[in-house]
Amino acid sequence: MTQQNPNIDPTDVPPAAASDLPHAPPDDSEQVYFEGSPLVRASFGRMFLHFLICIALILLPFFWMRVFPTHHVPGWLIAVFILVGLVQLVIPWLMTQSISYRITNYRIDYKRGLLSRSVDSLELWHVDHIGWHQSFFQRIMGVGDIDVRARDDQERELKLIGLPNPEPLFRSLEQRIIAVKRQRGVVKMDTGS
């Protein structure tokens, strides 16, 4: 029969040493690396194309009246062309606002849609490959893209476009993916095929 010391509370006994655990204990605090929509300036080519379409639509009725002076263009048609032309200037902004990202130290949430929303969530420990890209114009604008490939219940690829200053975010994600995989005891094995 073992005798217990009445001065020691059994709940005060420290848990097993951390070195006895197979991997690091999970840290449940979630830290947000980036939250928001792609920047409009990231799609400079699309913006320029919509600007040209806007100018063409606004000038088309006036060009038509100049080339064919005998044909009268109704005022309502001119107003429609001008309105559709001006809407072209808003389309790149609407396209970026229909996408939003929430990148944390555990997952990436990818939201799509303006009126209706769909959310795709990817846990970092599923990520097999991550890379980033900046075109010449993106470097000038201070934006870039991060590509994430993962294999969980399905194989999927996320392209996070228009992120401000992508290299530090990429480096943080790259290190965090390694840390999360270590915490979960995930080992990547090469099958040699």
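At 60% relative accessibility, Phe136 counts as exposed, where exposed means over 50% relative accessible area, buried under 20% and partly exposed in between (1.4 Å probe, protein chains only). The model is predicted: local features need pLDDT of at least 70, side-chain atom pairs count only at pLDDT 80 or more, and totals for chains, interfaces and linings use all residues. Residues are numbered from 1 along each chain as its sequence is written, and side-chain values use heavy atoms, with hydrogens and water left out.

**Overall architecture**

- The chain contains four helices and seven strands, which are DSSP runs numbered from the N terminus (helices: H or I, at least four residues; strands: E, at least two).
- Read from the N terminus, the order of elements is β-α-α-β-β-β-β-α-β-β-α.
- Of the 193 residues in the chain, 27% are buried.
- Contact means heavy atoms within 4.5 Å; among contacts between residues at least 6 apart in sequence, 54% join residues at least 24 apart.

**Aromatic rings**

- The structure holds four aromatic pairs, a pair being rings of Phe, Tyr and Trp (its six-membered ring) with centres within 6.5 Å; planes under 30 degrees apart count as stacked, over 60 as edge-to-face and the rest as tilted.
- One of these is the pair of Trp64 and Phe68, which is tilted because the ring centres lie 4.6 Å apart and the planes stand at 50°.
- The rings of Phe136 and Phe137 have centres 5.6 Å apart and planes at 70°, so this pair is edge-to-face.
- Trp64 is partly exposed, at 41% relative accessibility, and Phe68 is partly exposed at 35%.
- Arg176 lies over the face of Tyr106, 4.8 Å from the ring centre; a charge sits over a ring if NZ of Lys or CZ of Arg is within 6 Å of the ring centre and within 35 degrees of the ring normal.

**Packing of helices H1 and H2**

- Helix H1 (residues 44–67) packs against helix H2 (residues 75–97) at an angle of about 180°, with the axes 8 Å apart; axes are lines fitted to C-alpha atoms, for helices over the stretch in contact, and angles run from 0 to 180 degrees between N-to-C directions.
- That angle makes H1 roughly antiparallel to H2, since angles over 145 degrees count as roughly antiparallel, under 35 as roughly parallel, 65 to 115 as roughly perpendicular and the rest as oblique.
- The H1 side of the contact includes Arg46, Met47, His50, Phe51 and Met65, and the H2 side includes Ile78, Phe81, Gly85, Gln88 and Met95.
- By class, the contact of H1 with H2 comprises 19 nonpolar, three polar and one charged residues; Ala, Val, Leu, Ile, Met, Phe, Trp, Tyr, Cys and Pro count as nonpolar, Asp, Glu, Lys and Arg as charged, and the others, Gly among them, as polar.

- Gln97 is located in helix H2 and is partly exposed, with a relative accessible area of 30%.
- Although Gln97 and Gly36 are 61 residues apart along the chain, their C-alpha atoms are separated by 8.9 Å.
- Not counting residues up to four places away in sequence, Gln97 touches Ser37, Leu114 and Arg117.
- Glu30 belongs to the segment before strand S1 (32–36) and is partly exposed, with a relative accessible area of 37%.
- Beyond residues up to four places away in sequence, Glu30 touches Arg102, Thr104, Asn105, Tyr106 and Arg107.

- Ala150 is placed in strand S6 (residues 143–151) and is buried, at 3% relative accessibility.
- Ala150 and Leu124 are 26 residues apart in sequence and 8.5 Å apart in space, C-alpha to C-alpha.
- Ala150 touches Leu122, His126, Val127, Asp128, Glu155 and Arg156, not counting residues up to four places away in sequence.
- Arg156 is found in strand S7 and is buried, with a relative accessible area of 15%.
- Leaving aside neighbours within four places in sequence, Arg156 is in contact with Asp120, Ser121, Leu122, Val148, Arg149 and Ala150.

**Backbone at Asn165**

- Asn165 lies in the loop between strand S7 (155–164) and helix H4 (166–184).
- Phi of Asn165 is near 45°, a positive value in a residue other than glycine.
- Most residues other than glycine have a negative phi.
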